[in-house]
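This report describes how two chains are arranged and how they meet. Please have the sequence and the model open while reading.

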Number of protein chains: 2
Amino acid sequence: MELYEAMSTLRAVRRLRSDPIPDDVLDRVLQAAAWAPSGGNVQPFRIVVVKSAEKLKTIQSWYQQEWDRYIEPLRSLASSSDDVAAVNSGKIVKAGDYLANHLAEVPALLVFCFNPAHMAITDADLNRPSVVGGGSVYTAVQNVMLACRQEGLGCVLTTLLCYQEQAIKQLLDIPEQWGTCAHIPIGYPVLKGHGPISRRPVTKLVFKDSWGQPLEHS
Amino acid sequence: MELYEAMSTLRAVRRLRSDPIPDDVLDRVLQAAAWAPSGGNVQPFRIVVVKSAEKLKTIQSWYQQEWDRYIEPLRSLASSSDDVAAVNSGKIVKAGDYLANHLAEVPALLVFCFNPAHMAITDADLNRPSVVGGGSVYTAVQNVMLACRQEGLGCVLTTLLCYQEQAIKQLLDIPEQWGTCAHIPIGYPVLKGHGPISRRPVTKLVFKDSWGQPLEHS
């Protein structure tokens, strides 16, 4: 698949079938992660591919709990009226509910782990939330999702399970010094899967030389 | 360009020519950022494209200072012997020195900004460095770098300028509540540019169901 076609049709797909993923397909998706750049080429991430039905059931119960807590405000909004915002909220709630109620059935959940001791986190001491450690992990996460797109697999980047990190680490025997930062269910889509996406136009996201100055070409 | 070809040949290219980037090429690179997924599809990032020669010169002086501080240990190692580690360190130092000494000449430096208030940072309260905010920015960063690969543009993800964040923000009029998290010089390569990469084999990065368990296919 052509690069820009993959990028421009990569959707968050939350309704996934339980059908197994062929070994060679999964291998290509994981290889894509390994190709990603990282600070100093250290590759400070590991992926635990969760396929065990029992472990997925346990993880689903934690996910449901966090999802319900997270979505409560939007759920109220969705049921409050029938205006555009409420209808859109309703769609998000419905797709998310589906994932929360079926997470245990996915053929694979990719749990991305990272080791902060292997990272140069240059914004660690700034007076704002640090994100730079993510620069050596989410590049690989994006590669994985683009590879899923290419392979016809649905996927969605979730991070709600960070609220249950200690429990997840215990369940998957993740060592003390490693954290988790992305939990990506993958599987063939129930509905159409990937396709058109809605994003802001580039002109709203890009400036030239100073904040607020449009990128006008000479 | 085919997706896997782009991913598997995306190198950190630090020697960049000053030749201008055609407008349509730059537009496609920036469009790739806009396509990236983000938490709640909020797109909590902006990109300041720095082309001003004067601003680039100022930024180079800050970058040189941080690079020299960062690379000092490796510089000592590189000059200490002629074994493999020292030779490899020497190559890294040389390419990095080139970038530090020529940053002001690149046709464009992409400064990625993010607003933590627009992010659900689910690992903010954990007893380890937070990275989850990066999940809504470095997906776009990776798209940009893959697009550069497709367009024949060299690029490299740098984060050292976070040490100079207040100064950068002032120079580029970045509002108080926004941070910076990636500073990506782009331009046509001086040497061969992208090509073969060296990464760990997937088997070293991936486990099945439990940490340390190999992903063996049934």
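## Strands, sheet and interface

S4(B) is mostly covered, with 9 of its 9 residues buried. Buried residues have 20 or more other C-beta atoms within 10 Å of their own, exposed ones 12 or fewer, and partly exposed ones lie in between, with C-beta atoms placed from the backbone. Strands (E, at least two residues) and helices (H or I, at least four) are DSSP runs numbered from the N terminus.

This is a predicted model, in which local features need pLDDT of at least 70 and side-chain atom pairs count only at pLDDT 80 or more, while totals for chains, interfaces and linings use all residues. Residues are numbered from 1 along each chain as its sequence is written, and chains are lettered from A and ligands numbered from 1 in the order in which they are written.

Strands count as paired if DSSP finds at least two bridges between them. The table gives pairings.

| Strand | Partner | Sense | Bridges |
|---|---|---|---|
| S2 (residues 108–114) of chain B | S4(B) | antiparallel | 7 bridges |
| S3 (residues 154–155) of chain B | S4(B) | antiparallel | 2 bridges |
| S3(A) | S4 (residues 179–187) of chain A | antiparallel | 2 bridges |
| S5 (residues 206–208) of chain A | S1(B) | parallel | 3 bridges |

Within S4(B), Ile184(B) is the bridge partner of Leu110(B), and Gly187(B) is that of Gly154(B). In S4(A), Ile186(A) is the bridge partner of Cys155(A).

An open sheet of 5 strands with mixed pairing runs in the order S3(A)-S4(A)-S2(A)-S1(A)-S5(B). Its edge strands, S3 (154–155) of chain A and S5 of chain B, each pair on one side only.

The contact between the chains takes 76 residues from chain B and 76 residues from chain A, where residues are in contact if their C-beta atoms, placed from the backbone, lie within 7 Å. Elements of chain B that each supply at least two residues to this side include helix H2 (23–35), helix H5 (138–151) and strand S4 (179–187). Because 100% of the interface residues of chain B are also interface residues in chain A, the copies meet through the same surface.

Chain B can be laid on chain A with an RMSD of 0.0 Å by a turn of 180 degrees and a shift of 0.0 Å along the axis, by least squares on the C-alpha atoms of residues with pLDDT of at least 70 in both. The two copies are therefore related as by a two-fold rotation axis.

Methods:
Contact = placed C-beta atoms within 7 Å.
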